[in-house]
Amino acid sequence: MTPHSATSFDNPDLPQLQAIKAHLDLVLLALESLTGLGSDEMLAVAEKLGLEEILSDRITLWRLRQASPLRKGKGRKKLDVDEARAMTLISCTLAAQQQFAIRNAVAQLEKCTALKRPPYREPILGDYLDRFNTLYQERMAEEEQAKPDAIQKLALKLLIDLLFYSSQIGSRRLWVALFERSQSG
């Protein structure tokens, strides 16, 4: 079986689902940190996409997010393939809605990189990095805690990823990325 076979995409095994759950939660954490989006916006998008059967209320959303193996209180809810697909669509729809904010932040990151300045000195990036760090520290289990530099690197990587996920084919890109990451470890 190749990593990109239909069977692999349709029937991920438990370790793959664990990796998928973790990455989906991190993508949503990055969106929350950059834009201030919360459960109301996520549920509204679920309804707009006709996914309210899978994601009907805050409790269901919380349980799906808590399914991440990185989270405190992890493992309370198993994530199935349909829920992963729904969360992928919701994440990418939210990213598309916030594309201007994402592009603006990425442009600031490019400018900082070109000028060899630390990203946290730019207002938008500094606020994003602060919120991401705070939310990460609050929500992730202690054994998953990383050093501030590693958290910043993760936050900036996710910011760039959000730009790709906000495109018209963003959900396809995220779905493929989820499986590629789940295959690599």
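His-23 touches Leu-158, Asp-161, Tyr-165, Leu-174, Leu-178 and Arg-181, when residues up to four places away in sequence are not counted. His-23 itself lies in helix α2, which covers residues 14–35. Because its relative accessibility is 9%, His-23 counts as buried. The model in which these contacts are found is a predicted one.

**The chain as a whole**

The secondary structure of the chain comprises nine helices and zero strands. Read from the N terminus, the order of elements is α-α-α-α-α-α-α-α-α. The chain has 185 residues, and buried residues make up 46% of them.

**Two helix pairs**

Two packed helices are described by the angle between their axes and by the distance between those axes. The table gives both values for two pairs.

| Helix pair | Angle between axes | Distance between axes |
|---|---|---|
| α3 (residues 39–48) and α4 (residues 58–66) | about 100° | 10 Å |
| α6 (residues 99–115) and α8 (residues 148–165) | about 130° | 9 Å |

On the α3 side, the contact is made by Ser-39, Asp-40, Met-42 and Leu-43, while α4 contributes Arg-58, Leu-61 and Arg-65. Sorted by class, the contact of α3 with α4 has three nonpolar, one polar and three charged residues.

Helices α6 and α8, with an angle of about 130°, are therefore oblique to each other. The crossing of α6 and α8 is left-handed. In this pair, Ile-102, Arg-103, Ala-105, Val-106 and Leu-109 of α6 meet Leu-156, Leu-159, Ile-160, Leu-162 and Leu-163 of α8. The residues of the contact of α6 with α8 divide into nine nonpolar, no polar and one charged.

Within α4, the residues Leu-61, Leu-64, Arg-65 and Gln-66 are buried. Two of the residues named here, Leu-61 and Arg-65, also belong to the contact with α3. An α-helix has 3.6 residues a turn, so residues three or four places apart point the same way. The N-terminal end of α4 is capped by Asp-57, which has a side-chain oxygen 3.1 Å from the backbone nitrogen of Ile-59.

Ile-90 is found in helix α5, which spans residues 81–97. Is Ile-90 buried or exposed? Its relative accessibility is 1%, and Ile-90 therefore counts as buried, since the cut-off for a buried residue is under 20%. With neighbours within four places in sequence left aside, Ile-90 is in contact with Met-42, Val-45, Ala-46, Leu-49, Leu-51 and Leu-55. Ile-90 and Ala-46 are 44 residues apart in sequence, yet the distance between them, C-alpha to C-alpha, is 6.2 Å.

**The loop between α6 and α7**

Lys-116 is placed in the loop between α6 and α7 (123–139). Although Lys-116 is not a glycine, it has a positive phi of about 55°. Lys-116 is exposed, with a relative accessible area of 74%.

Pro-119 is also found in the loop between α6 and α7, but Pro-119 is buried, with a relative accessible area of 12%. Which residues does Pro-119 contact, leaving aside its neighbours within four places in sequence? They are Leu-109, Cys-112, Leu-125, Gly-126, Leu-129, Gln-152 and Leu-156. Along the chain, Pro-119 and Gln-152 are 33 residues apart, and their C-alpha atoms are separated by 9.4 Å.

Ser-182 lies in helix α9 (residues 170–184). At 9% relative accessibility, Ser-182 counts as buried. Neighbours within four places in sequence aside, Ser-182 is in contact with Gln-16, Ala-19 and Ile-20. The C-alpha atoms of Ser-182 and Gln-18 are separated by 7.9 Å, although these residues are 164 residues apart along the chain.

Methods. Residues numbered from 1 in each chain as written. Predicted model: local features only at pLDDT ≥ 70, side-chain atom pairs only at ≥ 80, totals over all residues. Heavy atoms only, no water. Axes fitted to C-alpha atoms, helices over the stretch in contact; angles between N-to-C directions. Helix = DSSP H or I, 4+ residues; strand = E, 2+ residues; numbered from the N terminus. Contact = heavy atoms within 4.5 Å. Nonpolar A, V, L, I, M, F, W, Y, C, P; charged D, E, K, R; others polar. Parallel < 35°, antiparallel > 145°, perpendicular 65-115°, else oblique. Left-handed = near helix turned anticlockwise from the far one by under 90°. Buried < 20%, exposed > 50% of the residue type's maximum accessible area, 1.4 Å probe, protein only. Polar contact = N/O pair within 3.5 Å; in protein donor to acceptor, adjacent residues only side chain to side chain.
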